[in-house]
Amino acid sequence: AGKVAGNVTERLDRKTMQMRALISDDPPYTSTTMADDLSISRKTVSQRLKELKEKGIIERIGSDRKGYWNIKS
């Protein structure tokens, strides 16, 4: 068996993939709502969002309060 998943998503865990899906469905999603919906802490959400940003998967457009997430890949 070789690498099946694309190299962008192969290192993301299930919760991080769920976060990406939530952002895809609703770009203005807030980290507080995401934490509530996924039953994880806001700190965990922040760490995973940072990881997604560092990997170039998402970017924040606009401010934290009025902005939205853009999925780059």
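Modeller: Start with a term. A helix here is a DSSP run of H or I with at least four residues, numbered from the N terminus. Thr-16 is found in one of these, helix H1. Keep in mind that this is a predicted model.

Colleague: What makes Thr-16 buried or exposed?

Modeller: Buried means under 20% relative accessible area. Thr-16 has a relative accessible area of 1%, so Thr-16 is buried. Leaving out residues up to four places away in sequence, Thr-16 touches Arg-48 and Leu-52.

Colleague: Which elements make up the chain?

Modeller: The chain has three helices and two strands. From the N terminus on, they run α-α-α-β-β. Of the 73 residues, 25% count as buried.

Colleague: Why do you say that the buried residues of H1 line one face?

Modeller: The buried residues of H1 are Thr-16, Met-19, Leu-22 and Ile-23. Seen down the axis, they fall within an arc of 115°, so they line one face of the helix. On the other side of H1, Arg-14 and Asp-25 are exposed. The buried residues of H1 pack against H2, H3, S1 and S2.

Colleague: Now helix H3. How do you know that its span agrees with its residue count?

Modeller: Helix H3 covers residues 42–54, which is 13 residues, and should span 18 Å. Its end C-alpha atoms are 18 Å apart, so the two values agree. In H3, the buried residues are Val-45, Arg-48, Leu-49 and Leu-52. They cover an arc of only 105° around the axis, which puts them on the same side of H3. The face turned away from that buried side carries exposed Lys-43 and Glu-54.

Colleague: What covers the buried residues of H3?

Modeller: The cover includes helix H1 (14–25), helix H2 (31–38), strand S1 (58–61) and strand S2 (68–71). Just after H3, Gly-56 takes a positive phi of about 75°.

Colleague: Take Val-45, in helix H3. Why is Val-45 called buried?

Modeller: The cut-off is under 20%. Val-45 has a relative accessible area of 0%, so the label buried applies. Setting aside neighbours within four places in sequence, Val-45 is in contact with Met-19, Ser-31, Met-34, Ala-35 and Ile-40. The C-alpha atoms of Val-45 and Ser-31 are separated by 6.2 Å, while the two residues are 14 residues apart along the chain.

Colleague: What share of contacts joins residues at least 24 apart?

Modeller: Among contacts between residues at least 6 apart in sequence, that share is 41%.

Colleague: And the surface? Which elements give two or more residues to the lining of the largest pocket?

Modeller: The accessible surface of the chain comes to about 5000 Å², and 46% of that belongs to carbon and sulfur atoms. The largest pocket holds about 240 Å³ of space. H2 and H3 are the elements that give two or more residues to its lining. H3 supplies the largest share, four residues. Lining residues include Tyr-29, Ser-46, Leu-49, Arg-60 and Trp-69.

Methods: Residues numbered from 1 in each chain as written. Predicted model: local features only at pLDDT ≥ 70, side-chain atom pairs only at ≥ 80, totals over all residues. Heavy atoms only, no water. Expected span 1.5 Å × (residues − 1). Buried < 20%, exposed > 50% of the residue type's maximum accessible area, 1.4 Å probe, protein only. Arc of directions from axis to C-beta. Contact = heavy atoms within 4.5 Å. Areas by Shrake-Rupley, 256 points an atom, 1.4 Å probe, with all protein chains shown as cover. 1 Å grid on protein atoms, 1.4 Å probe; cavity = no way out; pocket = protein on both sides within 12 Å on 5 of 7 lines; lining within 4 Å. Points joined across faces, edges and corners; volume = space filled by probe spheres on them.
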